[in-house]
Amino acid sequence: MVLTPLQTDVATLVEGLNLMWVLVVTFLIFFMHAGFAMLEAGQVRSKNVANQLTKNMLTWSVGVMLYFALGAGIATLVGAWTGPNTATVGGAFGYINDGSGAWVSWLFGAVFAMTAATIVSGAVAGRAKLRAYVGYTILLAGVIYPVVVGFTWGEGILYQLGFHDFAGGMIVHGMGGVAGLTAAWVIGPRIDRYNPDGSTNVIPGHSLTFAVLGTLILAFGWYGFNVGTAATVFSPAQAAEGTLALGDFAYVGRVALVTTLGMTAGAIGAATVSLVKTQKVDTLYVANGLLAGLVGITGIADAIVWPGAIAVGLLAGAQLPVVFEFVEKRLKIDDVCAVFPVHGSAGILGALAFPLVAVPGAEASFVAQIAGVVLIVGWTVLATGLVFGAAKALGQARVSESHEREGLDVSEHGVDTYPEFGQPDVVTDGGMDVFRTDGGHPDAIKMVVAYIRPDKLGDVKQSLAATGAPSLTVTNVSGRGSQPAKKGQWRGEEYVVDLHQKVKVETVVADIPADDVVEAIADAAHTGEKGDGKVFVMPVDDAYQVRTGNRGPDAV
């Protein structure tokens, strides 16, 4: 059939629109790395934040290079070697010089590969050496993940069996979660995570705000992950004949709907189980449950009924607290960011549930789904165990005990993420050997220091103003006194909070009796309950006013 100019224009238009759609969703998936960075940074201690952020940036940078140079070609070769197709080495790596369409296709695959790689970083946070993690990323992007792709999307052995994974629920997320669990098991738990008797110590992360914002960014990017896998807006075959017809967009509405339902059901499922287990709705469980719901739906979003999406999402969220507790307390594996219950077990659940929730007429085989899960899990555990096992044998898997206690930000990168907070006070003159009780002057200078409840600061300020106290300094602090400890909760587990938030008020007086200041503070801060605070009076050897040069009481 000879195409008219109009028909040729239709084919060109379709190709351009399809490429533009794939690029847009590719960029959206790339933005998920910002979500991963925030989510993981929020779940680690403040002394390890820079290390976690660095690993996320290097995952993308190093991983993309390896996937371009090696990974995508390996995936094609494995698919050919384990399936009916044939491929030469030159043909498998042809995307490197094959032009615009091939490069867009490669990039779309690359952002999926990097998602699998970055999942692992959250499991080994706080103790893995940067060189060990980057070395594993090289092998994951170049070999480990591409082998899984070859088995499946590369039309290899699992594809031939009928294994169904639409957007990577098992291929990407399940694989990444299993890899993270394996790596965390090989490296071992963080210092002080477990007591000698086997009991568990909770180590809270430093920012729920980061964790939740990272979760929402990931959820936003996930639409690129799932909806974007419906990669052709219009059918290229129809366009070649000069007509327009929907390609994958014929079912894109189903993908968008079940993705949304699975996401929300996951949060509800995790919140419900958290409430039953602890009588509280744990914020981090809700966030992690939302992601688990997305993982559960990702591999099957193209061909399931919407009630099935709700059911899978609820189960994926509900299993999260249970699986996390099993991994933490029974297996004694320190999975810092809960990557296995979020990505691993949720991905497995979604893959196995497919035959139960598939649309009528879909090819859904329990045998194929089970075979896919077993082969992907087996290969991932074997490869990851060998890599981290070798690093451990060489003494390169984790940092030293002193570096771990100091924090990986300083030991691995030489930076302090929060340099203005938490630094010890430094006495440059070595301190004073002898204090005079009269302040060193006929009119004694005294410093009054009070630790009070934060909500009483306004009353104390007014009371001090009434006494004529000339100045004061206010600092937010935390400490421990007679006030009883409280119970905190992190991902559904309780821990003791024995450092309470207080406000430190300091004022220096000379011509005003220190006793009057003490009385003013005590009256204003008093509630009659434990934790009202304490007031201390200390002599001041001298004072100097910078602007005038006055010294002693005149400076005060």
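**Aromatic rings and their partners**

Modeller: The charged end of Lys-55 sits over the ring of Tyr-133, 5.3 Å from the centre of that ring. For a charge to sit over a ring, NZ of Lys or CZ of Arg must be within 6 Å of the ring centre and within 35 degrees of the ring normal. Arg-193 likewise lies over the face of Tyr-194, at 5.6 Å from the ring centre. The model is predicted: local features need pLDDT of at least 70, side-chain atom pairs count only at pLDDT 80 or more, and totals for chains, interfaces and linings use all residues. Residues are numbered from 1 along each chain as its sequence is written, and side-chain values use heavy atoms, without hydrogens and water.

The structure holds 13 aromatic pairs (rings of Phe, Tyr and Trp, the last by its six-membered ring, with centres within 6.5 Å; planes under 30 degrees apart are stacked, over 60 edge-to-face, the rest tilted). One of them joins Phe-68 and Tyr-95 edge-to-face, with 6.2 Å centre to centre and 75° between the planes. This pair links distant parts of the chain, 27 residues apart: Phe-68 is in helix H2 (residues 49-82), and Tyr-95 is in the loop between helix H3 (89-92) and helix H4 (100-123). Helices are DSSP runs (H or I, at least four residues), numbered from the N terminus. Phe-68 counts as partly exposed because its relative accessibility is 29%, whereas Tyr-95 is buried, with a relative accessible area of 11% (buried means under 20%, exposed over 50%, partly exposed in between; 1.4 Å probe, protein chains only).

Trp-222 and Phe-225 form a tilted pair, 6.0 Å centre to centre with 45° between the planes. Because these two residues are three apart in helix H8 (residues 208-226), about one helical turn separates Trp-222 from Phe-225. Both Trp-222 and Phe-225 are buried. Together with Phe-108, Phe-112 and Trp-153, Trp-222 and Phe-225 form one aromatic cluster.
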